[in-house]
Structures are given as C-alpha cells and as structure tokens.
Amino acid sequence: RKKISWASPSCAPTSFGFQLILVSELDIDGYDPETGALLWTEEGLDGEVAPSPAILNDTVFVANEYAMATAISLSADGEEVTSEIAWQWHDFLPEVASPTSSPRHFYLATSFGDFICLDAETGETVWLEEFDRGFYSSPIRVGERLYVADLRGTMHIMATGGEFELLASMTFPEPVYATPAFLDGRIYVRTENRLVCIENTEDHDGN
C-alpha cells in the first residue's frame with residue numbers, strides 16, 4: 001500500500017460477501033479477505049487517519065479530522081463490486097475515536113466532547129450532544145445501547161434511536177483512552193493503569 005494509516009482494518013459481511021476495509025491518508029479501499037484482491041477504492045480522507053471504518057449493510061462510513069466524513073455505497077455490476085460516494089458531512093469530526101452504527105444511524109465521538117448521531121441514509125444530523133470531556137475511546141453498540149468512555153474516565157450509556165437519551169453513567173478513577181471490549185456478559189475497560197472487568201452478578205433466579 002502506498003499510503004500510511006493508524007486505523008485498524010474492518011471486516012464485515014455485505015451483500016457481496018465479506019469485505020476487508022482499510023483506510024489511509026487518502027483512500028478508502030475494499031479487499032477480498034480470502035485473496036487480497038482490491039475490489040474497489042475511493043478517495044476521501046486526509047491527514048493522519050486513526051478512526052477505523054464503520055460498515056452498515058452495504059454502506060461504508062469513514063471519518064477523520066481534515067477531511068469530510070463520507071458514506072460509500074457498495075453495489076455490483078455483474079461479478080464486479082462497485083463503489084459510489086452517497087453523501088458527505090463535515091461539521092464535527094473525530095481525531096481518534098472510530099464511528100459506529102445502529103440499523104438506521106451512524107455515530108461519531110470527537111476529542112472535543114461532541115457526540116453526533118447521523119441518519120445513515122441521508123447523512124442529516126439526527127441529534128448532537130456536547131459532553132464536558134472529549135473522547136479517544138470509540139463508541140460501541142451493544143443491542144440498543146451505546147457505550148462510550150470519555151477522557152476523564154466516565155462511561156456514558158446512551159440509547160440508540162432518533163432522540164438523545166442518556167441511560168446511565170459510571171466513572172472510573174482514571175482516564176480512559178482505549179475502547180472497551182464486550183464478551184459473555186462482561187465489559188472489559190482499560191483505564192490508564194489497570195484493566196477493569198465488570199459483570200452482572202445476578203444469577204438466573206434474579207438473586
């Protein structure tokens with residue numbers, strides 16, 4: 001590859017099979033993960049790219065400072081996968097945190113504390129919430145909830161949907177820069193100096 005990137009690759013199913021999506025200083029590229037063949041490419045980024053792509057059905061969404069947030073629609077012309085820029089957005093952009101999605105929306109978290117919900121089909125702003133601290137940790141969707149940790153160490157839990165709804169918050173005694181991981185009913189949070197595991201201690205009888 002000709003351009004560098006800080007972003008991790010994203011791999012997800014589409015109507016045209018699994019796509020391995022990589023971003024760089026300039027390009028958004030889709031590869032066949034089995035063969036490494038380049039399937040499509042679009043220009044649309046700039047700067048030192050850290051956020052990874054989000055993939056929703058057949059739409060790839062990328063965002064980074066110094067560039068337009070871009071939704072790329074994938075389709076097929078016979079056996080060939082084709083790409084086309086569906087819409088772009090530029091009001092608030094992430095520096096580190098990767099976007100995520102729900103069935104109808106894309107979400108962005110910025111290092112200045114902005115959290116934005118966009119309509120996945122049109123790119124229109126659905127809602128915008130300003131938090132006191134910024135985000136390096138990427139938002140994660142689990143079911144109908146969004147989890148995102150700010151730089152102070154507060155985990156905000158929000159509802160997905162057309163209106164902002166803060167469901168709960170929890171604060172760790174240290175800053176959080178890393179993205180939490182979710183596995184088997186547990187949340188793993190890497191704070192500045194420790195790894196924290198959170199689990200539901202209720203048994204199946206509710207005790």
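Strands, like helices, are DSSP runs numbered from the N terminus, with at least two residues (E) for a strand and at least four (H or I) for a helix. Two strands pair if DSSP finds at least two bridges between them. The model described here is predicted, so local features need pLDDT of at least 70 and side-chain atom pairs count only at pLDDT 80 or more, while totals for chains, interfaces and linings use all residues. Residues are numbered from 1 along each chain as its sequence is written, and side-chain values use heavy atoms, with hydrogens and water left out.

Strand β11 (residues 114-119) pairs with strand β12 (residues 125-130) in the antiparallel sense, over 5 bridges. Aspartate 114 stands opposite glutamate 130 of β12. Between the two strands lie 5 residues, and in this hairpin glycine 123 takes a positive phi near 85°.

Rings of Phe, Tyr and Trp (its six-membered ring) pair if their centres lie within 6.5 Å; planes under 30 degrees apart count as stacked, over 60 as edge-to-face and the rest as tilted. Phenylalanine 115 and tryptophan 127 are stacked, at 5.9 Å centre to centre and 15° between the planes. Because phenylalanine 115 lies in β11 and tryptophan 127 in β12, this pair ties together parts that are 12 residues apart in sequence. Phenylalanine 115 also forms an edge-to-face pair with phenylalanine 135, at 6.3 Å centre to centre and 75° between the planes. Phenylalanine 135 lies in the loop between β12 and β13, so the pair joins parts 20 residues apart in sequence. One aromatic cluster is formed by Tyr107, Phe115, Trp127, Phe131, Phe135 and Phe164.
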